[in-house]
Amino acid sequence: MRKLLTRLDRYIIFKFLGTYLFAIALIISIAVVFDINEKMDKFIGNDAPLSGIIFDYYMNFIPYFANLFSPLFVFVAVIFFTSKLAENSEIIAMYSSGVSFQRLMRPYMISAALIAVMTFCLGAYVIPRGSAVRLEFEDRYIKKKKVDFATNVQLAVGDGMIAYLDQFSSHNNTGYRFSLDKFDDKMLVSHMTARSIVYDTLADNHTWKLRNYMIREFDGMKEHISHGYELDTVINMEPSDFLIMRGQEQIMTSPELSSYISKQKARGFANIKEFEIEYHKRIAMSFAAFILTAIGVSLSSRKVKGGMGLHLGIGLALSFSYILFQTVSSTFAINGGMPPALAVWIPNILYAVIAVFLYRRALK
């Protein structure tokens, strides 16, 4: 019975993953040095504690950016390692011993699968928890990210119930010029207004305190009006539904993102494209490991006159273009009418076509 992994497979997997981790360590080290140099004045000026800088910021900065640029590290690792094998004529020796190009791809794809699973698990479940700490540190010591004010808020808060707020401030958890309309079979049956509305932070059941309120109830041609100075009521909304912090999607796990997107869509809230892009990007980035590995092996498995430098140049150009293309397509989704899922997957689709073309070319 043939072994699942031969010595050659283990050799390639070990070299691939080792080069991948080395590339991450090298590039992230450079990124950290530049980031420290850029933010040192803010750290000192805002009296940021050394323990917070190390453990709250950089210990969460490193895994976030390592995972974000994982496709670049995969490509660099494949190009560097495979070009070295080709330059040393090791790939020619493999072919001479009866190993086909398809068989040579197996350990690469196993390595890509390990990286894809690790990338998805980190991005979907682990890194969001650390990002919450990192963004809180940035908001306090580097650059304010929290949103404490909202205007013209309109959202569905129940079956046939539409709430509207002219303004809301998080400083006192108070909204101004509030209205709540209730519809029954598209007919308005109740209209509530209040000069101000205050969120009860101590309660856990969406309790709001209305001040200077008036309620108009309609029954056919009849109308009943009631009013008062203060009224406690339960409304299915909370400030976090419309006070969206920059980068808030980064601190949610994938199940939390899915639940949040579904809830906001049901409420008719439109400003959720960043959340949809983040959700789909975590999946697309994992599949990118397979696509970019196939491109890298197909490009660098031949010994060429330009050597490793030519392969590395082409590999870096393709990897940076992939990241750039992904950023541009995401921008079209946010500012244009492109569906977020399509925008995130377009780079993968395009580069998958390139991978198939290069793979077939390498077979010949």
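Predicted model: local features only at pLDDT ≥ 70, side-chain atom pairs only at ≥ 80, totals over all residues.

User: Give me one to look at. Which residue does arginine 106 meet in a salt bridge?

Analyst: Its partner is aspartate 9, and the N to O distance is 3.1 Å. The two are 97 residues apart, with arginine 106 in helix α5 and aspartate 9 in helix α1, so the pair links distant parts of the chain.

User: And what lets side chains like that pair up in general?

Analyst: Side chains of opposite charge can pair when their charged atoms come close.

User: OK, on to those two helices. At what angle do α1 and α5 pack?

Analyst: About 20 degrees, with the axes 11 Å apart. Helix α1 covers residues 7-45 and helix α5 covers residues 101-141. Since angles under 35 degrees count as roughly parallel, α1 is roughly parallel to α5. The crossing is right-handed.

User: What classes of residue make up that contact?

Analyst: Between α1 and α5 you get 16 nonpolar, two polar and four charged residues.

User: What about α2, how does it cross α1?

Analyst: Helix α2, residues 50-68, crosses α1 at roughly 140 degrees, and their axes come within 11 Å. That makes α1 oblique to α2. This crossing is right-handed.

User: Which residues meet there?

Analyst: On the α1 side they include Ile24, Ile28, Val32 and Phe43, and on the α2 side Tyr57, Tyr58, Phe61 and Phe65 are among them. By class, the contact of α1 with α2 has 12 nonpolar, no polar and two charged residues. Asp35 and Lys39 of α1 are in the contact too.

User: And α2 against α5: left-handed or right-handed?

Analyst: Left-handed. The axes of α2 and α5 come within 8 Å and cross at roughly 145 degrees.

User: Who's in that contact, and how does it divide by class?

Analyst: From α2 there are Gly52, Asp56, Asn60 and Tyr64, among others, and they meet α5 residues including Thr119, Gly123, Gly130, Ser131 and Arg134.

User: Switching to the strands. What's the order in the sheet?

Analyst: The order is β1-β2-β3-β4-β5-β6, an open sheet of six strands with antiparallel pairing. At the edges sit β1 (149-158) and β6 (222-234), each pairing on one side only. Direction ignored, neighbouring strands are turned by 15 degrees against each other on average.

User: How many bridges join β4 to β5?

Analyst: Nine, between β4 (residues 187-199) and β5 (residues 207-219), and the two run antiparallel. If you want a spot to look at, isoleucine 197 stands opposite leucine 210 in β5.

User: And how many join β5 to β6?

Analyst: That antiparallel pair is joined by 12 bridges. Threonine 207 stands opposite valine 234 in β6.

User: Last one: which residue takes a positive phi in the hairpin of β5 and β6?

Analyst: Glycine 220, with phi near 70 degrees. The hairpin has two residues between the strands.

Notes
Residues numbered from 1 in each chain as written. Heavy atoms only, no water. Axes fitted to C-alpha atoms, helices over the stretch in contact; angles between N-to-C directions. Helix = DSSP H or I, 4+ residues; strand = E, 2+ residues; numbered from the N terminus. Parallel < 35°, antiparallel > 145°, perpendicular 65-115°, else oblique. Left-handed = near helix turned anticlockwise from the far one by under 90°. Nonpolar A, V, L, I, M, F, W, Y, C, P; charged D, E, K, R; others polar. Pairing = 2+ DSSP bridges. Contact = heavy atoms within 4.5 Å. Salt bridge = Lys/Arg side-chain N within 4 Å of Asp/Glu carboxyl O.
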